[in-house]
Amino acid sequence: MKKFDKLVLNAAGRLVPTIVNGKQEIPFQGIGKHRPSGRKYAPTIPTVLDYPEDGNKVVSSLQEALELCDLKDGMTISTHHHLRDGDLIANQIFEIANNLNVKDLVWLPSASFPCHDPLIHYLENGTINHIEGSMNGPLGRFTSEGKMKGCAVLRSHGGRFQAIQDGEVHIDIAILAAPTADPFGNGNALYGPSACGVLGYSLADYMYADRVIVVTDNLIAFPCMPMQIEGNYVDFVVKVDKIGLPEKIVSGTTQITKSPDRLLIAEMTAQFCLEAGLLKDGCSFQAGAGGTSLAVEDYFHKILLKNRWKARFCFGGSTEYMVKMLEDGSVDYILDAQAFDLEAVRSIRDNANHCDVSVFHAYNFHSKGNYAGMTDIVILGATEIDTNFNGNVVTHSDGKLLHGIGGWQNCLHAKCTIIPVPLFRDRIPVIVDEVTTLCGPGSMIDVIVTERGIAINPLRKDLIEKMTGSKLPIRDINDLKEEADAICGKPTKPRFTKEVVGIVKWVDGTVIDTLWKVED
Amino acid sequence: MGKIVSCGNHGERIRSDCHVTIELSDVKGLDIQLKSKVKSLYGDAIIAQTKEIINFFDIQNAKIQINDTGALPYVIAARIEAAIKLLIETDKEFLPDFHSDLKTPETTPRDRHRVSRLYIPGNSPGLLINAGLHHPDGIILDLEDAVAPDKKHEARFLVRNALRAVNFYGAERMVRINQIPAGLQDLDFIIPHHVNLVLIPKCETAEQIKQVNERIGIISIKHNLTQKVWLMPIIESANGVMNVEVIAGAAHNIVAMAIGLEDLTADLGIQRTHEATETFFARSMVVMACKASGIQPIDSVFSDIADMEALKENALNSKALGFVGMGCIHPRQIKVIHEAFAPAIEEIEKAKKIVIAFEYAQSLGIGVVALGTKMIDPPVVKRAHHTIELAIEMDRLDKNWRELQ
């Protein structure tokens, strides 16, 4: 099986392989150009005859469940990331596979975290062939250094759903941690010691996997309601002592930044949204859980309160700051695919207007519409933006893979995409000539807010017109880049070999860019 | 083995700085070892810069270790030069180019607004580069209390380079030197490098002002400098308070006088409170002395950076007492202070009426003006003009307010 082969230039001008891990890939055709046809992928047909009539699907251990699922070489194993850095399950799966001498597995997580660094051992010894998902921190470095046997595939949250739904990825076994579950396999994340609020990233996994294992540390009598995982899709249930470490499930990033510079950027972002008429009564927005995004959200909140406006909906991941808005009437609804802190978990459990949604509703290319496109403002991050407004979220300027895409690409479909970023981090410029890795085409990125000025995409003539006469420092993106270079010096480009170590998918499943092995 | 010297900072929490160790060596040539978080982007540039500086100081053989956490070029240069000057005696200076906004040295207006002045520790480059973006009226690079005694040497080079290379985005360029007499040496590192104002801490006598001005005079002659450097003595002791009048009038280039309440309360042996009633007398003395000498009275910093409500209260009290500005130790304090010191709507409306009435009277050739039943004399008109200027500068009033009447 060839790791990569037959490189071509795609519609974005990036050199990409058309064979990856032995499979045919379609190069990026341009935004909205690729339209898959045919019927969606379907898993094998089960019958109730194969399942216990009393509904008790509990088996004694994860190993037993995996063996009953006929775990074997080359299978694709999926997990969700709702337990974030507190996840204790993914590592166990591959430890068991290793013990069973199973090789060349593909891991399909919805995201990876530092707690998954031990999997490097199983990548090195051949238990795992490659990862399709996100590779953060040491896993990213491992990938960039060309040490992964197979080729990494990076997808957005929506792209993962798309790939599962159109059959690009076939999940053999989905292993889904559930903070509470019953013996039938119904599960939710509202209760239990590892409660994480929602399980929005597990929907495609349990609907489309051949086999589904629910793992819980809070097994309750049937029925487990509400059911965020539907037991009718589940093969086996496993009770373990702990599925996660609660202190690490609650993300460490859900605090408003204390940095005066980041606060300044956030304040400028909120002021921009106000002056551009984006932030108004009845509007909708999404901001991530990073310190700057939360600060933007906090400024939004103050503006809504001051003007006695009410947003119609906020799009999660949710945090205590979003919950405050819901509870004081600044927003009607939170639509939420992941909860970042305990306040958010409490809110989704107790407040009917804090609603559990999934990637299917928000981001999926094969859905009949996406919530992301209906959202007025999204606030996103980036490691690099180039002077054509193209964005990179996966590699750093040194060329090493350090982050996943998350919902970033999907959110670019919102009505206005705003990226608040420092002009440089320490000495590393964020605005560059050309992004190291193309994750999002510049035509979909509307505004860059830095501490030294705000650049509006020339395509957004409406925004440029609205901001005429504003006291905010509206500047050409090339001027901002020149200022960054004047302060930091012009950086040298990262040096790559010609070896492909990964690909970055666009939301429609085509290959938008290539991850290259970095030189030693 | 030769003498080994080190300058700069490194460690887990240090960013945008570098730590340089140099050892003059018997082995021919330069051995430069670089550890840097930006090595793939700037490794070659850092090595080239290091060689340039080492060559500038005619060092042929040395072992140099640089541990870099993303320092900007002016910081790297300061750290290397500071280390070199612990090894060799030389008058040479490796000076970064002036920032493009600073090609022409300018004296700031004597009576420009100094509502907020932001203290930045003189040895912390991470906080320096963006200070001006928060739009304080002045940025103080602090060589005194914010710098540990063993870091005073290297901080001077960093402050010097920052004065030359960093964009202050229109903020007045200030440096707090060390207490006299040690602070006199600091002047050599700042006067030729476009400093606008020097803060003299723990000032107690007119003699200290005289010593500062003598040193500035010598440096100015040596470097052919023509621009004026303003002084702002800080009163921080009982002795200083009792001498405020003499200090305020000690030199023509004193434009403002500040009070430092942390040291003053320590000197008095009392606790500093948010309400600051314990220093009411001292603060009033400073205000009186300043007003009598025609200079700006500036209040102390407010040290609780988390309590913006208390800061606002404190700033409003300062304004009511006659102070025209305050110090800030965190950028988020600037906006609160500006809002507190900005003229209130009623003040602006009153000032507008006074100015219009005065201008109307002048156009009729009338010397004495009345507004309602009150006579308007020149000091009232001057204050009204000042209120209008401040309101325009602080976005409380459109500069074309006459047309909008």
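Reader: In what order do the strands of the open sheet lie in chain A?
Author: In this predicted model, the open sheet has 8 strands, arranged β17-β16-β15-β14-β18-β21-β25-β26 in chain A. Their pairing is mixed.

Reader: Which strands stand at the edges?
Author: Those are β17 (354-356) and β26 (453-456) of chain A. Each has a single partner strand, so one side of each has no neighbour in the sheet.

Reader: And how much is the twist from one strand to the next?
Author: The twist averages 20°.

Reader: In what sense do β16 and β17 of chain A pair?
Author: Strand β16 (residues 331-336) and β17(A) pair in the parallel sense, over 3 bridges. Within that pair, Asp336(A) has Asp356(A) of β17(A) as its bridge partner.

Reader: Which strands does helix α8 of chain A lie across?
Author: Helix α8 (residues 260-275) lies across β18 (377-379), β21 (416-420), β25 (447-450) and β26 of chain A. The helix runs at about 140° to β25(A).

Reader: Changing topic, how many bridges join β5 to β6 in chain A?
Author: There are 4 bridges between β5 (residues 76-79) and β6 (residues 105-109) of chain A, and the two strands run parallel. Thr76(A), for example, has Val106(A) in β6(A) as its bridge partner.

Reader: Through which helix does the chain cross from β5(A) to β6(A)?
Author: The chain passes through helix α2 (residues 90-99) of chain A, and this β-α-β crossover is right-handed.

Reader: What about β5(A) and β9 of chain A?
Author: β5(A) pairs with β9 (residues 173-178) in the parallel sense over 2 bridges. There, Ile77(A) has Ile173(A) of β9(A) as its bridge partner.

Key: Residues numbered from 1 in each chain as written. Chains lettered and ligands numbered in written order. Predicted model: local features only at pLDDT ≥ 70, side-chain atom pairs only at ≥ 80, totals over all residues. Pairing = 2+ DSSP bridges. Axes fitted to C-alpha atoms, helices over the stretch in contact; angles between N-to-C directions. Contact = placed C-beta atoms within 7 Å. Right-handed = clockwise from strand over helix to strand, strands pointing away.
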